[in-house]
Amino acid sequence: MDPKLLKTKKVYFFGNGYAEGSASMTKILGGKGAHLSEMTLLGIPVPPGFTITTNECVHYLNSDKRISQNLKTEVLYNIKKLEKLLNLRFGDRKMPLLFSVRSGAEASMPGMMETVLNLGLNDETVEGLVETSHNERFAYDCYRRFLQMFGSVVLGIEAKLFENLAGTSTSLKQTVQSFKALIREKTGKDFEQDVHQQLWKAIGAVFDSWNLPRAETYRKLNNIPSKLGTACTVQAMVFGNLGENSATGVAFTRNPSTGEKEIFGEFLENAQGEDVVAGLRTPLSLHVMKEKHKACYKKFLSLQSRLEGHYKDMQDIEFTIQNGELFLLQTRTGKRSAQAQIKIAVDMVEEGIIDQKTAVLRVKPEHIDQMLHPRIDPKTKKKKIARGLPASPGAVSGEIVFNPDDALVLKEEGKKCLLVRRETSAEDIHGMNAACGILTTLGGMTSHAAVVARGMGKPCVVGCGELIVDEKKKSLQVGENIYREGDILTIDGSTGDVFEGKVSTIEAESGEEFKTLMAWADHFRSMKVRANADTPQDAYKAREFGAEGIGLCRTEHMFFDEHRILAVREMILSKTQSERKKALEKILPYQKEDFLGIFRAMAPLPVTVRLLDPPLHEFLPHDEKGIKDLAKDLGCEEEEVKRRIASLQEYNPMLGHRGCRLGISYPEIYHVQVQALMEAVCELKKNEGLYVRPEIMIPLISHVKEYEFIEKDIRAICDDILKKNNVSVKYFVGTMIELPRAALTADEIAKKADFFSFGTNDLTQTTFGLSRDDAGSFLFEYVQKNILPENPFISLDKEGVGKLITMATQNGRAANPTLKVGICGEHGGDPASIQFCFENGLDYVSCSPYRVPVARLAAARAALMSS
């Protein structure tokens with residue numbers, strides 16, 4: 001197609017085997033429009049229609065929300081084509097053509113934007129629909145639906161007002177009259193009878209829905225740019241509510257919860273598509289469709305198989321049966337659980353549908369993270385109170401809340417909560433994101449709650465009809481038991497079970513598909529992944545998850561054990577160097593014991609040990625009882641302890657007497673730590689034959705002279721111990737780059753250092769001039785107001801902190817070509833930050849043990865995307 005045409009054409013037609021668009025045009029036609037065109041070209045039965053481009057949405061939103069005359073001209077031209085194709089007329093009182101008007105962005109945003117069905121009905125055309133269908137109930141059911149949808153979506157009238165009126169009406173005709181009266185009451189105008197005005201207003205409402213709060217929230221959660229806009233597809237209506245020989249449903253070509261290769265879905269007879277998604281009626285399994293609509297089911301099996309083969313991925317398909325004739329209304333890549341994503345990717349490689357590279361790229365790092373959800377401990381005692389449908393796997397406990405806003409409040413307070421609703425809607429997206437799990441009384445496996453929870457990786461149970469929820473009173477009843485807001489429940493999204501109180505869980509176990517995928521990822525990645533681990537237990541867990549060494553072992557974490565802290569405090573409160581050395585002699589065996597365990601767990605992989613970093617006052621008590629007990633243990637006066645604690649207090653300890661500054665003021669502290677480390681190395685080599693690769697890291701360097709002062713003592717102690725033990729071990733000495741000055745003078749430091757490890761937590765703090773502990777109260781606002789794209793303590797600030805890392809790496813390697821470079825801050829487990837590290841040639845990233853699989857996959861994806 002002529003590229004110039006793409007810039008000027010506003011509307012793309014599809015129907016009867018012909019389409020002006022294709023699957024490759026999602027950018028301008030949105031996912032829905034592009035795939036409707038593609039299905040039409042494939043000869044799949046799709047109701048004809050046309051798609052208005054995303055460019056027109058952007059133009060509309062940026063031009064006082066006016067639909068241009070040029071766009072109207074193209075729309076009217078395409079309506080004429082539809083009228084000729086279908087032998088129906090838009091607005092005709094005898095043979096009326098009705099439309100669905102639906103949104104569809106480039107990236108799938110299920111339920112986040114608006115739809116209007118049955119458009120084109122008015123007081124005259126409804127009678128035409130009665131005549132053509134010979135079904136008055138059907139015609140007025142469509143009119144009722146249209147009035148409610150148009151009233152809420154286009155006119156902004158609260159949907160519950162229509163629902164309340166519907167409950168008081170005795171017939172569909174009466175409901176229609178009540179709805180029209182409500183519209184007149186709320187807008188001061190009669191309901192719009194001009195079908196063309198209906199259409200222009202509906203198209204505008206679809207475009208406007210791009211900026212609905214729920215849509216904006218969804219885009220932020222899924223990193224979808226706000227400038228894209230949505231396409232708008234206008235499509236001839238097909239009706240699933242014509243009677244028992246008509247139906248509507250949603251199906252997945254594979255099980256979206258488990259990934260099993262089986263068709264999975266639900267349908268409702270005598271219904272329209274919104275009924276299935278809304279969860280207001282409990283749908284039927286496709287197995288029932290197989291029995292009651294045999295011909296359509298057989299045809300659907302063939303079509304869904306074709307679509308999965310064509311798109312080479314699991315498909316989420318919407319369909320309608322109208323008087324025994326099957327139509328497909330949409331196909332898109334199906335949302336699925338993390339477990340299903342991994343299984344489907346691996347299975348499709350084995351089935352010859354995709355290759356290993358595609359499988360690795362298809363699974364996102366967050367899917368790996370979700371695989372590590374806990375499950376109910378089968379040995380624990382538990383009281384099951386109800387059972388629903390297992391919509392999204394994982395087990396979780398939390399305080400129950402009945403309002404999405406309350407869920408958000410509890411999250412900000414650091415509390416876990418379960419969002420309990422009759423059913424969820426797109427308006428609840430912020431609360432669903434804030435909650436740790438979701439529980440609904442209505443809806444099926446393809447309801448809004450189920451689909452969104454699976455996409456978010458949150459445990460979810462739906463259709464739990466045993467629960468009676470009173471959202472006003474903020475309570476739920478199960479039999480004779482009543483649970484109120486704040487009570488704790490546990491849900492198991494893998495079984496559908498609901499339990500009273502908090503139930504013990506155990507860690508997830510990865511299956512064979514997980515191991516297979518991770519093996520492929522390891523094959524494709526070049527950047528190493530280490531773990532931050534401070535204990536032997538952490539080290540063993542890290543290796544279990546595939547860590548290739550320890551990138552950060554924080555020695556201070558070893559000091560807080562109750563059996564060791566007294567000796568540490570004695571060392572801190574010592575008045576002379578001799579007293580300090582005496583106290584340190586007590587600490588030496590503890591440190592050595594820890595290093596033996598960690599090195600043993602990691603041998604022969606590298607272990608980077610950071611020497612003492614935090615200020616000394618962090619190890620001292622600050623309450624009266626703690627001070628009194630310490631004075632008693634040390635045999636001194638309380639006032640003396642208080643004076644010493646006061647002398648160590650600092651106005652800004654983050655930038656105070658910590659890190660290498662402690663090692664310069666009190667060199668004996670680092671001496672003992674290095675002694676313990678090297679004695680452990682020698683003992684393991686001599687007694688157990690284990691080869692250890694120790695890397696000693698000096699923290700908080702800002703000047704090369706600091707590094708030189710400490711490094712010479714470290715090497716002297718290491719060489720002396722190795723010589724005494726007649727052991728040959730290669731060790732390395734390096735530093736954390738966590739201050740801007742160190743990054744700026746990296747070339748000077750690199751001439752002396754064996755390695756750099758970027759401590760991005762402190763580097764971010766000092767580059768921004770922010771305290772990580774305090775900035776949380778306002779950084780959310782910075783992101784919300786688009787001052788920052790995201791929290792820089794969660795994902796690396798590439799433009800600022802990233803420039804320092806790039807410069808330090810390049811200058812450091814220019815001065816020392818053998819320099820090893822890694823990152824050990826919290827960013828080491830963030831996929832976007834890992835991508836940055838790969839692009840800048842870092843040798844490894846280091847993160848918490850449980851993030852190691854995430855980092856392994858992220859590193860592989862980074863390598864594949866660059867090739």
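Hi everyone, let me begin with a word we'll need: a residue is buried when its relative accessible area is under 20%, exposed when that is over 50%, and partly exposed in between, using a 1.4 Å probe and protein chains only.

What you see above is a predicted model, where local features need pLDDT of at least 70 and side-chain atom pairs count only at pLDDT 80 or more, while totals for chains, interfaces and linings use all residues. Residues are numbered from 1 along each chain as its sequence is written, and side-chain values use heavy atoms, leaving out hydrogens and water.

Let's start with the aromatic rings. A pair of them is described by the distance of the centres and the angle of the planes. Rings of Phe, Tyr and Trp (its six-membered ring) pair if their centres lie within 6.5 Å; planes under 30 degrees apart are stacked, over 60 edge-to-face, and the rest tilted. How many aromatic pairs does a search of the whole structure find? There are 12.

One of them joins Phe138 and Phe239 edge-to-face, with 5.0 Å centre to centre and 80° between the planes. Phe138 belongs to helix α6 (residues 136-154) and Phe239 to the loop between β6 (230-236) and β7 (247-252), so this pair ties together parts 101 residues apart in sequence. Those labels come from DSSP runs, numbered from the N terminus: helices are H or I with at least four residues, strands E with at least two. Both Phe138 and Phe239 are buried.

Now, why is the pair of Phe595 and Phe599 stacked? Because the ring centres are 5.9 Å apart and the planes are at 20°. Phe595 and Phe599 are four residues apart in helix α23 (residues 577-602), which puts about one helical turn between them. Phe595 counts as buried, at 1% relative accessibility, and Phe599 is buried with 1% as well.

Ring pairs also link Phe50, Phe90 and Phe99 into a cluster.

Next, charges over rings: NZ of Lys or CZ of Arg must be within 6 Å of the ring centre and within 35 degrees of the ring normal. Lys81 has its charged end over the ring of Phe13, 4.3 Å from the centre. Arg219 lies over the face of Trp210, at 4.0 Å from the ring centre.

One last stop is Ser475, in strand β20 (residues 475-478). Is Ser475 buried or exposed? Ser475 counts as buried, at 9% relative accessibility. Leaving aside residues up to four places away in sequence, its contacts (heavy atoms within 4.5 Å) include Phe402, Ile468 and Tyr483.
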